[in-house]
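This briefing looks at one helix and its surroundings, and then at the protein as a whole.

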Amino acid sequence: MTPLTYHDGCMIVVTETESDMERDHGPSWTVPASLSPSRVESFLSCPLAFRFSSIQRLPDPPTQATTKGSLVHRALERLFLLPPDDRTPGALDQCVAEAITEYQAHPDFTGLALDDATTQRFFAECRELAANYMTLEDPRRVRAIGLELMLTAPVSEGLVLRGIIDRLELDGNGELVVTDYKTGRAPHPNYERKSLGGVQFYAFLCESVFGRIPAAVRLMYLKSGEVITAVPSSQSTRYMTTRTNAVWKAVATACERDDFRPKPSTLCNYCAYQRWCPEYGGDPAQAAIEAPRLLTGAVGGIVETDVTVAIAGP
């Protein structure tokens with residue numbers, strides 16, 4: 001297989017994070033002091049869903065897609081903790097088995113409440129995704145220098161970007177390479193540019209933290225067995241910070257004015273907060289009262305796995 005290579009100077013993205021620092025701003029809601037791809041995706045897709053999950057911090061139940069992605073990421077992380085010569089297909093099978101054992105007691109899995117047949121199918125799909133990885137590269141030749149790296153970088157006063165890099169490595173010339181595992185299918189050609197928006201985010205974090213823009217960012221789609229390689233540029237990375245600040249200001253304005261409007265789309269079918277949406281006859285004011293009881297341990301939620309947030313350039 002020959003990876004596709006992209007040189008694009010206009011792709012924009014914001015970071016991924018597990019938690020937000022916050023500061024007071026305006027009379028209505030507290031403005032997050034950090035942004036992430038999943039949170040920005042929520043804001044751009046539906047400001048009201050963003051308010052529920054990122055401002056009010058209502059429960060966001062796990063989904064099969066998100067949990068499957070986390071489990072496979074964990075198995076690959078365990079693989080690259082082994083010495084290079086030990087990274088064999090058999091070793092990966094063992095890493096998947098160990099990850100499955102870990103997740104059998106994890107809230108992200110137990111919260112799915114799967115029956116026995118669905119559980120077996122779920123774990124079989126995890127094994128298949130991991131096995132697909134071995135067809136994409138030889139892990140014994142990878143010079144990994146960081147796994148599941150949480151990086152942070154300030155963008156402007158009051159705003160920090162945070163994100164997790166699945167794998168950071170060195171190529172044959174000693175240049176940085178970022179590899180990002182995707183457990184979904186590769187995007188249709190019409191949407192490839194949008195899916196590559198995260199490239200500029202990774203480039204910004206590496207430049208801010210390590211003083212170097214990576215020579216390449218590889219998006220590894222385990223389900224479809226494809227690899228897309230993108231080459232970031234300093235120009236697009238700089239533009240990303242401008243656009244990120246613009247998104248953050250839009251969030252701040254919405255907080256100040258209490259103006260988080262619903263935005264109906266196909267994503268509504270997967271939204272954990274649909275019952276409190278005015279578009280479906282719900283009352284947003286009741287969400288804070290009812291969601292902690294109704295959503296804890298429930299199945300559903302906003303699907304975030306393999307969603308890359310791209311904010312179109314000029």
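Helix α2, spanning residues 47–55, is largely enclosed by the rest of the structure, because nine of its nine residues are buried. The model is predicted, and the values below are computed from it.

**Helix α2**
- The buried residues of α2 begin with P47, L48, A49 and F50, continue with R51, F52 and S53, and end with S54 and I55.
- An α-helix has 3.6 residues a turn, so residues three or four places apart point the same way.
- After α2 comes R57, which has a positive phi, near 55°.

**R51**
- Helix α2 contains R51.
- The relative accessible area of R51 is 9%, and the cut-off for buried is under 20%, so R51 counts as buried.
- With neighbours within four places in sequence left aside, R51 makes contact with W29, Q56, R57, D258, F260 and P284.
- Among these contacts of R51 is R57, the residue with positive phi that follows α2.

**Whole protein**
- The protein has 314 residues, and 48% of them are buried.
- Its secondary structure comprises ten helices and nine strands.
- Of the contacts with a separation of 6 or more, 71% are between residues 24 or more positions apart.
- The accessible surface of the protein is about 14,700 Å², and carbon and sulfur atoms account for 49% of that area.

Note on methods
Residues are numbered from 1 along each chain as its sequence is written. This is a predicted model: local features need pLDDT of at least 70, side-chain atom pairs count only at pLDDT 80 or more; totals for chains, interfaces and linings use all residues. Side-chain values use heavy atoms; hydrogens and water are left out. Buried means under 20% relative accessible area, exposed over 50%, partly exposed in between (1.4 Å probe, protein chains only). Helices (H or I, at least four residues) and strands (E, at least two) are DSSP runs, numbered from the N terminus. Contact means heavy atoms within 4.5 Å. Accessible areas come from the Shrake-Rupley method with a 1.4 Å probe; for residues, only the protein chains shown count as cover.
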